[in-house]
Amino acid sequence: MMELDELRIFQAVLQEDGITRAAQRLHRVQSNVTTRLRQLEDKLGVALFLREGKRLVPTAAAWRLNDYAQRLLDLAEEARLAMADAAPSGRLRLGAMESTAAARLAPVLADYHARYPAVQLELQTGESRTLTVGVLDGRLDAALVSGPLDDDRLEQIVVAVEDIVLVAAAARGAPSLEELADSTLLTFGSGCSYRQRLEAWLRRQGVQPRRIVELGSYHAMLSCVACGMGLALLPQALLDSMPQMAAQVSTHALPDDLSRAPTLLIRRRQARQPALHALETMLLECAWKGEAAWELTQIIDLKYLPNGK
C-alpha cells in the first residue's frame, strides 16, 4: 500500500528534477530518497523514472501518478486541518503576477501578516501560465493570475478587474496599424497573459510586429517605453502605483473586449486550508469596496466565475 510519505518524496523528485535537490528540500539523505522512490515503484509495479546516468527522466506513469498524489496529499491535509485548530497557521505558498504584487497586494499582505502572525506566507511572482502550473502540480497553494481560465481542476474567484492600456512614449499619439507593424513590443515571456492579449489583438488587425523584446520587470519595461524603444500592454493600476514613471509615457485605449481583464485567485478544487480561506476573504473585502463592486458584477455577468456561475 502506498504511503503519503512516499508520495511526498515522489513529488519532490518530480518537481525538483532529481534526487539531490529533492533530498535537500525534504532534509533527507539522498540514499533514503532513492530507496523510498524504488519502494514506491515496486508497489505500483511500474517505473516512474528512467535512469540516464545521474539524470532521472519522468515516465508517462509518473505524470499520471502526480495528479492522484496531489489529490491524496490535499485530502490528507484537509483532514489534518479539520481535526486541528481552525485558526490560520502554517505555511501558505502564494503566487502572483508581478503587476498584481506591485499594485494591489502590499496593503493586503501587510494587514494579513498583522492579523495572522502564525502563518508563514511565501510569495512567488511570475507569469500567469507558470503560476497556474505551479498550483496544479502542488508547488503553490494558490495564485493570482489573469483570466479567464478553462480548467475544471481549478476553483477560480474574481478578486479584481484590471483596465488594460497600450503604453507608448510620452510625446507619441495613438499608434496606427502601420506604426504597430513597425514597432517593437516590450513584453514578459510567452506565458504572460497580457502579452497573449496583445498578440491576439494584433493578429485580429492582421499585424505582425517587427520585433518582440522580452524583459524581466515592469520598471525596465516602462523605462524602455519612455525612451521610445517600443510599446507595451500594462494594467492601469500598475501605472497608478508608479506615478513618476507613468508621467514619462502615454496611454492609449484598447477595444472594449480587450481592455478589461479579471484577476483570479485560483487553487485546486480539493485544497482547503484556513490560512488560504482567510486571505481569500480579505481579497474579496478589498475587491467589493467602492467602484470595484460594479466592475465585479459585470465580470460575473460574463460568467468568469467557477463553473460559469
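A nonpolar surface patch is formed by Met2, Leu4, Leu44, Val46 and Leu72, with about 340 Å² of accessible area together. Such patches consist of residues with over 30% relative accessible area and no salt bridge, nonpolar side chains (Val, Leu, Ile, Met, Phe, Trp, Tyr) being joined within 5 Å; a salt bridge is a side-chain nitrogen of Lys or Arg within 4 Å of a carboxyl oxygen of Asp or Glu. Areas were computed by the Shrake-Rupley method with a 1.4 Å probe. The model is predicted, with local features requiring pLDDT of at least 70, side-chain atom pairs pLDDT 80 or more, and totals for chains, interfaces and linings using all residues. Residues are numbered from 1 along each chain as its sequence is written, and side-chain values use heavy atoms, without hydrogens and water.

Valine 46 is located in the loop between α3 (30-44) and β1 (49-52); helices (H or I, at least four residues) and strands (E, at least two) are DSSP runs numbered from the N terminus. With 37% relative accessibility, valine 46 counts as partly exposed, the class between buried (under 20%) and exposed (over 50%).

Proline 58 lies in strand β2 (residues 55-58) and is partly exposed at 25% relative accessibility. Its contacts (heavy atoms within 4.5 Å) include Leu14, Leu48, Phe49 and Trp63, not counting residues up to four places away in sequence. Proline 58 and alanine 47, eleven residues apart in sequence, are separated by 8.8 Å, C-alpha to C-alpha.

Leu14 is among the buried residues of α1, which also include Glu6, Leu7, Ile9 and Phe10. Just after α1, aspartate 17 has a positive phi of about 60 degrees.

Notes: Buried < 20%, exposed > 50% of the residue type's maximum accessible area, 1.4 Å probe, protein only. Patch = residues over 30% accessible without salt bridge, like charges linked within 9 Å, V, L, I, M, F, W, Y side chains within 5 Å.
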